[in-house]
Amino acid sequence: KNNCNNSSDPYKKTMEFAEAADITKSSVAVASTTIAESNDKPVAAEESKPASGIDEGTKSTIQKIPLLRTRASPRDGDQWITRLREEYQALIQYVKINKDNDNDWFQIESNKTGTRWTGKCWTYYQGLKYEFDLNFDIPVTYPVANPELCIPELEGKTAKMYRGGKICLTDHFQPLWQRNVPRFGIAHALAMGLGPW
């Protein structure tokens, strides 16, 4: 439920931003403009213990994704719109990084409020493409609580899948996420939680 008391539609602003950034139907695409990278560095790679489970390639990718600044959840009205803009910028940069490395592996889009995300992720194995539905909701306490990435078709197929196809993120992902609130966002969640697969 939208608790914003603003008389204008705050989500219209987000959609206008998405259109200006060449995002078709809120899907993440490479923008024609360059997104300036943040000078901030995430508390991550060097400070993580080797047992964290995050490989060097993933650490390198995470460090290239712009960090977010706004600490806002879906119930924070205009601040959430600002956070969504930052999320889109980080996602656009992440897609660009993946395309530059010939590692394009997902496509997502959000509902008009940015609280429900759906899309596809894929991988290639022995010359065949395997494509899966991907979805997640933004928690009410976001960005303190991370989104739970879900691939319903893989429910029960691996030890890393919870009920409903939710990916196990507790060992290496959540401690790193907690140390980087509010700097990490959706792009970081995809890079750490699903990218290594």
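Author: Let's begin in the middle: the largest nonpolar core has 40 residues, and those with the most contacts inside it are Ile-108, Trp-117, Ile-186, Leu-190 and Leu-194. Two or more residues each come from α3, β1, β2, β3, α4 (173–179) and α5 (186–193). Helix α3 gives the most, with eight residues. Before we go on, this is a predicted model: local features need pLDDT of at least 70, side-chain atom pairs count only at pLDDT 80 or more, and totals for chains, interfaces and linings use all residues. Residues are numbered from 1 along each chain as its sequence is written, and side-chain values use heavy atoms, with hydrogens and water left out.

Reader: What is a nonpolar core, then?
Author: In soluble globular proteins, nonpolar side chains tend to be buried together. Here a core is a set of buried Ala, Val, Leu, Ile, Met, Phe, Trp, Tyr and Cys residues joined through side-chain atoms within 4.5 Å. Buried means under 20% relative accessible area, exposed over 50%, and partly exposed in between (1.4 Å probe, protein chains only). Of the 197 residues of the protein, 47% count as buried.

Reader: Which residues is Ile-186 in contact with?
Author: Contact means heavy atoms within 4.5 Å. Leaving aside neighbours within four places in sequence, Ile-186 meets Glu-87, Leu-91, Ile-108, Trp-117, Phe-136, Ile-138 and Tyr-142.

Reader: How many helices and strands does the protein have?
Author: Five helices and three strands, in the order α-α-α-β-β-β-α-α from the N terminus on. Both are DSSP runs numbered from the N terminus: helices are H or I with at least four residues, strands E with at least two. Helix α3 (residues 78–100) has 23 residues and reaches 33 Å from its first C-alpha to its last, close to the 33 Å expected at 1.5 Å a residue. That expected span is 1.5 Å times one less than the number of residues.

Reader: How are β1 and β2 joined?
Author: Two strands pair if DSSP finds at least two bridges between them. Strands β1 and β2 (residues 116–125) run antiparallel, joined by five bridges, and Ser-110 stands opposite Trp-117 in β2. Strand β1 (residues 106–110) has a covered face of Phe-106, Ile-108 and Ser-110, while Gln-107 and Glu-109 make up the uncovered one. Five residues sit between the strands in this hairpin, where Gly-114 takes a positive phi near 75°.

Reader: And how do I read two aromatic rings side by side?
Author: A pair of aromatic rings is described by the distance of the centres and the angle of the planes. Rings of Phe, Tyr and Trp (its six-membered ring) pair if their centres lie within 6.5 Å; planes under 30 degrees apart are stacked, over 60 edge-to-face and the rest tilted. That rule gives eight aromatic pairs. Tyr-94 and Trp-105 have ring centres 6.4 Å apart and planes at 75°, so they are edge-to-face. Both Tyr-94 and Trp-105 are buried. Trp-117 and Phe-136 have centres 6.1 Å apart and planes at 5°, so that pair is stacked. Trp-117 is in strand β2 and Phe-136 in strand β3 (residues 128–137), 19 residues apart.

Reader: Is Trp-117 buried or exposed?
Author: Buried, with a relative accessible area of 0%; Phe-136 is buried too, at 1%.
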